[in-house]
Amino acid sequence: MILVNYLAAVALFGTGLYVLVTRRNLIKIVMGLSLMEASTYLFMVSLAYRAGSTAPVLLSPPAGKTAKQLAHGNVADPVLQNFCLTAVVIGVAVTAVFLSVAVRVAQHYRTLDADRMRTMRG
Amino acid sequence: MSGQALASLLPLPVALPIAGAVAAPLLARLVHRRLAVIAGLVALGGAALILLLQAPSVFGGLVRAHYLGLWTPVHGRALGIAFAADPFGLIFALTSAFIGAVLLLYTLSELGGLGPRELGGYACLFQLLVAALIGAALTADLFNLFVWFEVAALASYGLTAFLLERPVALEAGFKILALTTLASFAVFIGAGLLYATAGALNYAQLHDALARHLTTPDLIALGLLVAGFATKAGLVPFHGWLADVHTATSGPVSALFSGLMYAFGIVAVARLAFQVFAVNGIPVLGLLLTVGVVSALLGAIMALAQDDLKRLLAYDTISQMGILAIGLGTGAAPGIAGAVYHLVNHALFKALLFLCAGAILHRTGLTKLSDMGGLARRMPVVAVAFVIGAASIAGIPPLNGYVSLSLIHTGLLDGQQYLPFTLMQVAQVITIAALGKAAWLAFFRPRAGDYPPLESLRPGMVAGLASLAGCCVVFGVLPQFFLDSVMAPAAAGLLHPARYASGVLTGLARLPKLHVPFDYLSPEELGLVVACAVAGAALGWAYVRVREPAPVRLLRAAHTGSVNDYATYAVAGMLAVIAVLTLT
């Protein structure tokens, strides 16, 4: 049942958003954003899903299927799966930058509390 | 050169800076540190040259497309990534390449003393950001736009947190990271949702599909995309990170961010609103108008309240992005042409002002206006440049701001949008007060103690300031030329989405001619300028003498500096945008 996937994606996104908005620990904020990111992948892969479809590997049709059936859309949507692949790569880079900033913040400010790291305001 | 050959050159303006970015750290470490920046200058110059080759035909009204890897559309369906040069995208790409090169030259002069590691990394990130801006201007593919968004975002994170020895850079770095990542999720989900319902990523195919059939998920996707790109543009309420970023960065980086990177968001929103969702009955223009007015007012008020020169300019950037959104929101030819004009003007004068602020900081070490004063005598070149930039924003003829602002006024008045027009004038008065205050406090006010001997400006810095200030004047004195040859075709491209779509799909299309008249000596406009300038000067004079009014204090208190609060504002704004688009 694909509805479960959507619900799970929404729940994950909501959890991440809750963490981002309420937690002050920088590492937790990064974790919240990672959760939201994971939920977008789940959402995209679920959007790509079609009932009874096969993986979008179009070298030769699987047993019992003709090439025509594949051409008529009995595969999962490869474009959305590519979305995810691209976003995963970008997400890794962003998380790395995030964590390196968090480490530097910990070294400079001796804290990970976002509330004690707001010298600029107003 | 034949049209086909010209089209096949389109990916090069992006590829050259990316190649330069890859080479920069190696050149800096293995050969000579300054070579990294010089290679960057060559790459950006090459990109600008190739874009200039496209200019005559594209500004003549052609839309030209190239599909990467020659995956051209079959039966009107595109699988490949399209790069399309239309007048609107090309003028943004050209502005990015030229101002990027000027800023790199300035960097070479001012920060040339950095170590090889630092200078190499700086040149790399700088070129990546410019490449992303050019890519975003030329692409005609929604997912490709997301990729350029992320490239620009990653480069901007690095540039923000570049001066690691300054703790504020880390603080600002974390804020821009959190808010832009949130925005990237919105753009990502929006693009995926739009693909799932309309079955395409190509702007042209999306335009055709949405014109045939528009569903609620499409509108949700539009809301997410607009909110995401508005975060990049720093529109209210997505703007929390913006001022902090400028407090932390050096002059040329601030100039790059403020002059060019935020305009990325506006360009993307304009493409979505006019060329992809070109369907009547979507309240997206009204939304732009509202967000624009709120941003223009709030940015101006916050700018007036600042004592830190770079924060003042940063909040003014929010205000100017609001003006751009207002121009687009008019939906009429003069307003849109004015917005495109203002986009170029803003890149020129805001880059100029941030370079001035950076030069002051670099030489005196001062950031607060209350500590400065009397700099006109000590740094006359910077003072002249700052006054030219400030007068351009104030819309004083014969400088460029006058032209674009009066065009936007015409667009608003033609559409009988009197309330936004009035509020825009209020914002303009406050903006003039803020910049007048800054110029007075920094340059002309007598100062008690004298400065220690100040290092003089280097030739590259003077060249940078002079070229930007010169462009401010040129764009102000030749309005009809730029309007006819650049801005009106750009507005035509936005107002005739079907032509743009056919150009993207078939590789070539001609846009209809559009004439936007401009009356330089219109008595109403000139009277308005004088009235705004007098009112602004009076307000600025009064503001430095009174205690901070309570509403301003409340507004400042709302900018708590907490990343959680800024994320909350952005999420609330996102929900509001989606609600407006789906419920009305």
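Buried area here is the accessible area (1.4 Å probe) that two parts lose on being put together, summed over both. Keep that in mind as you load this predicted model, where local features need pLDDT of at least 70, side-chain atom pairs count only at pLDDT 80 or more, and totals for chains, interfaces and linings use all residues. Residues are numbered from 1 along each chain as its sequence is written, chains are lettered from A and ligands numbered from 1 in the order in which they are written, and side-chain values use heavy atoms, with hydrogens and water left out.

**Stop 1: the A/B interface**

About 3700 Å² is buried between the two, and carbon and sulfur atoms give 79% of that. Now select Phe83(A), Met120(A) and Gly122(A): they supply 21% of the area that chain A buries against chain B, more than any other three residues. With contact taken as heavy atoms within 4.5 Å, 43 residues of chain A and 44 residues of chain B take part.

How many salt bridges cross this interface? The rule, a side-chain nitrogen of Lys or Arg within 4 Å of a carboxyl oxygen of Asp or Glu, finds zero between chain A and chain B. Polar contacts do turn up: nine residue pairs across the interface, both residues at pLDDT 80 or more. (A polar contact is a pair of N or O atoms within 3.5 Å; within protein, one must be able to donate a hydrogen and the other to accept it, and residues adjacent in sequence count only if both atoms are side-chain atoms.)

Next, show the cartoon of chain A. Helices (H or I, at least four residues) and strands (E, at least two) are DSSP runs, numbered from the N terminus. On the side of chain A that touches chain B, the elements giving two or more residues are α1 (2-22), α2 (26-48) and α4 (78-109) of chain A. The largest share, 16 residues, comes from α4(A). By class, that side of chain A has 29 nonpolar, six polar and eight charged residues. (Ala, Val, Leu, Ile, Met, Phe, Trp, Tyr, Cys and Pro count as nonpolar, Asp, Glu, Lys and Arg as charged, and the others, Gly among them, as polar.)

**Stop 2**

Pick Leu17(A), in helix α1 of chain A. Leaving aside its neighbours within four places in sequence, Leu17(A) is in contact with Met36(A), and with Leu182(B) and Val571(B) from chain B. Draw a C-alpha to C-alpha distance from Leu17(A) to Gly91(A): 16 Å in space, for 74 residues in sequence.

Then jump to Arg110(A), in the segment after α4 of chain A. Its phi is near 60°, a positive value in a residue other than glycine.

**Stop 2: the sheet in chain B**

Switch to chain B, where three strands form an open antiparallel sheet in the order β2-β1-β3. Strands pair if DSSP finds at least two bridges between them. At the edges, pairing on one side only, are β2 (82-85) and β3 (508-510) of chain B. Strand β1 (residues 62-67) of chain B is joined to β3(B) by three bridges; click Arg64(B) and you'll find Leu508(B) of β3(B) opposite.

**Stop 4**

Opposite charges on side chains can pair when their charged atoms come close. Select Asp86(B) and Arg271(B), whose side chains form a salt bridge at 3.0 Å, N to O. Asp86(B) sits in the loop between β2 and α4 (87-110) of chain B and Arg271(B) in helix α11 (residues 251-276) of chain B, so the pair ties together parts 185 residues apart in sequence. Over all chains, the structure holds 14 salt bridges.
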